[in-house]
Amino acid sequence: MQRLAMLWVLVLTLVGVTPAFAADFTLPQAMAFPFASDLVRDRAGKRIAWVRIDAGVRNIWVADAPGFNPRQVTQFTQDDGQELTQLVLSPDGNTLVFVRGGDHDSNWPAAGNLQPNPGSPLSEPKVTLWRAGLAPGSRAAKITEGDAPALSARGELAFLRDGQVWTARLKVTGDANDVRRLFFDRGKNGRLRWSPDGSKLAFVSNRGDHSFIGIHAGADAPLAWLAPSTGLDSDPVWSPDGTRLAFTRRPGRGGAPESLLRETPAPWAIWTADVATGAGRQVWASSKTLHGSYPDVTGGANLHWAADDRLAFLSVETNWQNLYSVPAAGGAATPLTPGAFMVEHIALSPDGKALIYSANAGTTADDDARRHVFRVPVTGGPPQPLTAGESLEWTPVGLADGVAWIGATAKLPPQVGVTMAGTSRVLAGQAVPAGFAGADFVVPRKVTFTAADGVVVHGQLFDAGGTAKKPGLIYVHGGPPRQMLLGFSYMRYYANNYAMNQYLASRGFAVLSVNYRLGIGYGWDFQHPDKGGATGSSEYKDVVAGAKFLQRQDNVDPARIGIWGGSYGGLLTALALARDSNLFKAGVDIHGVHDWSAYLGEFLPAPTRFEQGDRALALETAFKSSPVADVATWKSPVLFIHGDDDRNVRVGQTIDLVRRLDEKGDVAYEELIIPDEIHDFLQHRNWVKVGAATADFLERSLKP
C-alpha cells in the first residue's frame, strides 16, 4: 500500500510523463486517453476481465494469476458506438460472455424498442450476446440476441430477451445451440442469479406495483415463489450451500398519495427464504426515517451472503453510506465501516470472509475528493486500507491472493492494477498513446466556499497559473448523484469532461468544478437537500457561490464568468443564464432539462382515482424551478448541444427552449444537434466534436 504513490510515479516515467507543465496541446490530445471499466473476476479470483476503450474502439482484456499480464480477447476495430457491457465470467473462469450494443443507462427505451445507431449505419443494430475468445488464437463470436447474461456452474447461459428469461448452451466454437425461452412468466423478469451448483435459477418477477422472487428448478417443476407478498422484492443472493436465498423487500406501490414536494421515508428490510419450502422471514429492517430509506447509490442495498452465515449490506442510517452485517438467522446489525465518508463499489472476497470497497476516505489530505480501496472482515473489525496517496482507485474485485482495482491520477487515465502481498502496481501493457497530453495537465486544487444560505460547498479548481486576468468558468456535473474528484473520474462521461476542463485551463480559463448539493460523497442530507431540484432548485445557490468565488480570485476577470455542463449540468447552465445573465456572461448547455414539469410529467401520469395528492402544486413548483420560467430575464449567449436519440433527456427539452428564445428574440444562441446520438455520446468522434464546439464558443464569447 505504502508503495502505491511511488509506483504511479514510476508509471508516469515509463510513459514519458515529466513533471514540467506545458500548456500547448490540442483537444484531441487531451481526449486521447484510453478508459478502463467493468472490471470482473471469476469465482476463485484467479482471472479478471475488463473493458478498455481506445479512441472509441471498445475491446475486452483479461489477465490471469499469478502474473496478471493483460491480453486482448476481442478484436473490434471501429469507433462504432456499440457498448460492451455486463461482462460475466463462468465460475471456473473458462468462459467469458458479454453484451454488445444498447444503451444501458437510459431512462426509457426509444420508440419501437430500437437500439442506438450513432453514425447512422445502414443496418439496424441489435443488443447481442457474445463469447470472448479466451484460448490462444481464438476469436470472439456472437451468440444470439439478448441481454443481462448469467452463466451457471454447469455451463448454461441464461439471459433476458423482451423481459423474459431465455437460455442457451454454448459450443466450444462460441456459437450456441438450443436457444430457447426457459419458461413463461407474466411478469417482467430481471436479476438472474444461478445457484452455486447451477441447478436452479433465481430471478425477480416485476408485476408493476409488486414483485416476487422466483425460482426455476428445471423443466419438470413449476416456478416456485419465495414468501410472496404485496411488497417489492429484489436483490436476490444465494446462500453458499444453495438452500436459501436472501433478498430485499420494500413496500408495494399504493396507499394514500405521498407528497411530491418533500422527501418521504422509503423503508426496507432484508428477508431470507428456504428454497425447498418457499417459507421466509424478516431478518433485519431499516428505521422508518429518511436516513433509513433504501440506498440510492451504486448497487443499491449491495446485499451479499458472506461467510459465517452473515448478510452484508449498505445502509445510510447514520447519514453516511456505510457497510453493516447481520446474522442470516436475524439479530443486531454490526457496523463495519463507521465514519463520515461514503462507501462505494462493493465486492465480496472469494472466500466470503471480507468486503472490499472503495471510499472517499484515507489519511492523505483531501481524500474526501478521491477514492481508495479498503478491506473489512464481515464479522467486524478495523478496515484495512489497501491503496493510499494522491492517486484514486475504485471498482475493486477480490483475488485469491489480493485485490484488483481500476485507478487513475490527475494526469493518468483509468488503468487496471492489483494489490498483492502489501504491494500495489498498475498492470503492464496499458500504455497511453504517445500523443496523449496528460503530462501537461494541471493538478486540480480542492477548494471550498459557502453558499448564501450557509451550506459549505466543495469543488476543484483547474488553473494553469499566471497573474494576468483571465475568464473564469463554472463546470457543473450531471446526475446529479455524482462527485467530481481530484483526478480522472470512474465514469467515462466525466472522464471526458475532466479532460475538457484540463483543455479549457490550458486555453487560459480558470475552471471551477462545483460539487453542488444533490451530489454524493458528503452524506445523505447533502444529497437530499430541502427544496432541491424540481422542488425549488436550492442547489443553484451553490453554483452562484462558485461564480462569486471565481470572481474573488486575483487572476480572474470578474466581468468574464461563463458556465458549462451536461445533463443536470445543462439544466443548471440554462438556469444560470436565465436567472443571472449579469453574472454568467455565456454558457454551453449540453442536453439539459429545461422544463421540470414536462420532464416529471412523463413519470407522473395524472392519477385515475379521487385522491390527487399535491401533483398539481408539484408540477407548478417544478415549472417555476426550471429555466423556462425565467426566459424573460435571459440575455447571455448560449450554445445548445443535444443528441436527437437521447433516452435520458429528450431532445424536445432543447427544442422547446429554443422556440421560447426565438419568440423572445434578443438572445444569441447556436446549436449543435447530433443525429442518432444518445445522452452519453457513444462515439469518441462526437465527444471530440462536442468539446471543440464548447471550447470555440466559450473562447469567442468570453475572450477579448
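Guide: Trp-61 has Gln-72 as its bridge partner in β4. Residues are numbered from 1 along each chain as its sequence is written. The model is predicted, with local features needing pLDDT of at least 70, side-chain atom pairs pLDDT 80 or more, totals for chains, interfaces and linings using all residues, and side-chain values using heavy atoms, without hydrogens and water.

Strands are DSSP runs of E of at least two residues, helices are runs of H or I of at least four, and both are numbered from the N terminus; strands pair if DSSP finds at least two bridges between them. The open sheet has 4 strands in the order β1-β2-β3-β4, paired antiparallel. At its edges stand β1 (35-41) and β4 (71-72), each pairing on one side only.

A cavity is a set of points on a 1 Å grid where a 1.4 Å probe fits but cannot get out, and lining residues have an atom within 4 Å of a point; points join across faces, edges and corners, and the volume is the space filled by probe spheres set on them.

The second largest cavity contains about 80 Å³ of space. Among the residues lining this cavity are Phe-35, Ala-55, Gly-56 and Trp-687, and α3 and α10 each contribute at least two lining residues. The largest cavity has a volume of about 100 Å³. Its lining comprises 13 residues, with Asn-497, Trp-564, Ile-590, Trp-687 and Val-690 closest to the centre. At least two lining residues come from each of α3 (492-506), β37 (556-566) and α10 (684-702).

How values were computed. On a 1 Å grid over the protein atoms alone, a cavity is a set of points where a 1.4 Å probe fits but cannot get out, and a pocket is an open set with protein on both sides within 12 Å along at least five of seven lines; lining residues have an atom within 4 Å of a point.
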